[in-house]
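This briefing covers one protein model, by topic. Please look at the sequence and structure first.

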Amino acid sequence: MKHLKTLLGMALVASSAFVAASCSDDDDDAINRCDRKDCEILQGIFNEMGITVDSDPTKWPGVRWTVTVNPDGIRRVRSLSLTVEEGSHQIPENIADLSYLQALYLKGGGISGTLPESLCALGQLDTLSIYATSMTSLPDNTFNGRMKYVNIIGNQQMKCALPSSITSLKGIDKTETAAMSNYSFSIDSNGFTGEIPAMSGVNILIARNNITAYDYSNTFTATQSMKDDDTEEIWGVAAPVNRLGGEVPASVLADTLASIHFAYLVRPNRQKGTGFTNFYSRQELVKMAAEFYANHPEYKNLTKLLSETSF
């Protein structure tokens, strides 16, 4: 899938092919101009994850340091990528002591457990990628309003509810989002259960999980292209191929635009569960959409797009 390729292209792969060695001395506070405390924390994390590295922190795979703009001229860890395919290794609590960490990439079935709540509580992560791990849950405070890139994909053991902090994710500019396969926030092909809560002003994909409930107010907060817009998308909380079903609320059925948004975002007749018992057929909805757009020239007419949507 396109967003999987994006994730793989962005992730920094941490290798275990380097020979273990202790940090060499530079001065009391730094090793090769890298913060000594951060170096020690990283070595502890590498040991816990079964990754060995050499003595020069500037060459450690998967680690990106800040540029030397700090008054003391010492660099801190800005981004960390860990790939562990074997064993069962949990992310150590003291990762939260990497006080400049903004981006975290985790990959591989050898990573288990959850993220430390202490790391999430800092609210400083703006990039989080968790790909094909054996992790079983995420803390409720995982997400924050600063985040601009989230990819949580292929974590089948994550059979839990979505973190409540998912509602804190904010919208991304369309041009920036489009550069990342239409979604800067993607939660795809995991084992998540429960409900997708009400979210406003965010474009997010929550697909191919085991979600059974959807807050239908999401269809009313979704937006679509205006007549002078070059894009042809409906933006909002997309949740195709989950386990949604039952009856669609009368409030959605009574509002043509909400029904259009719901049909495009959720693809209601292609669910893995029972499906929706009272939603319009595609033919009915296309006819309704054609009439709606004829009476609302401010919107770009997406009737053709809707007629080609798989639902």
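Cysteine 160 counts as buried because its relative accessibility is 15%, where buried means under 20% relative accessible area, exposed over 50% and partly exposed in between, with a 1.4 Å probe and protein chains only. The model is predicted: local features need pLDDT of at least 70, side-chain atom pairs count only at pLDDT 80 or more, and totals for chains, interfaces and linings use all residues. Residues are numbered from 1 along each chain as its sequence is written, and side-chain values use heavy atoms, with hydrogens and water left out.

**Cysteines**
- Cysteine 120 is also buried, at a relative accessible area of 6%.
- The disulfide count is zero, a disulfide being a pair of cysteine sulfur atoms within 2.5 Å.

**Helix 7**
- Helices are DSSP runs of H or I with at least four residues, strands are runs of E with at least two, and both are numbered from the N terminus.
- Helix 7 spans residues 256-266, and ten of its eleven residues are buried, so the helix is largely enclosed by the rest of the structure.
- Among the buried residues of helix 7 are Leu257, His261, Phe262 and Tyr264.
- Aspartate 255 caps the N-terminal end of helix 7, with a side-chain oxygen 3.1 Å from the backbone nitrogen of leucine 257.
- Just after helix 7, arginine 267 has a positive phi of about 50°.

- An open sheet is formed by three strands in the order 5-7-9, with parallel pairing; two strands pair if DSSP finds at least two bridges between them.
- Strand 5 (89-90) and strand 9 (134-135) are at the edges with a single partner strand each, so one side of each has no neighbour in the sheet.
- Two bridges join strand 5 to strand 7 (residues 111-113) in the parallel sense.
- Isoleucine 111 in strand 7 stands opposite histidine 89.

**Helix 8**
- Glutamate 291 lies in helix 8 (residues 282-295).
- Glutamate 291 counts as exposed because its relative accessibility is 55%.
- Between glutamate 291 and threonine 303 the C-alpha to C-alpha distance is 9.4 Å, at a separation of twelve residues in sequence.

**Confidence**
- The chain has a mean pLDDT of 85, and 84% of its residues reach 70 or more; pLDDT is the predictor's confidence in each residue, from 0 to 100.
- Residues 1-25 stay under 50 in pLDDT, and the model has 69 contacts for them beyond four places in sequence, a contact being heavy atoms within 4.5 Å.
- Residues 174-181 also stay under 50, with 17 contacts beyond four places in sequence.
- Where pLDDT is low, the predicted coordinates should not be read in detail.

Terms used:
A polar contact is a pair of N or O atoms within 3.5 Å; within protein, one must be able to donate a hydrogen and the other to accept it, and residues adjacent in sequence count only if both atoms are side-chain atoms.
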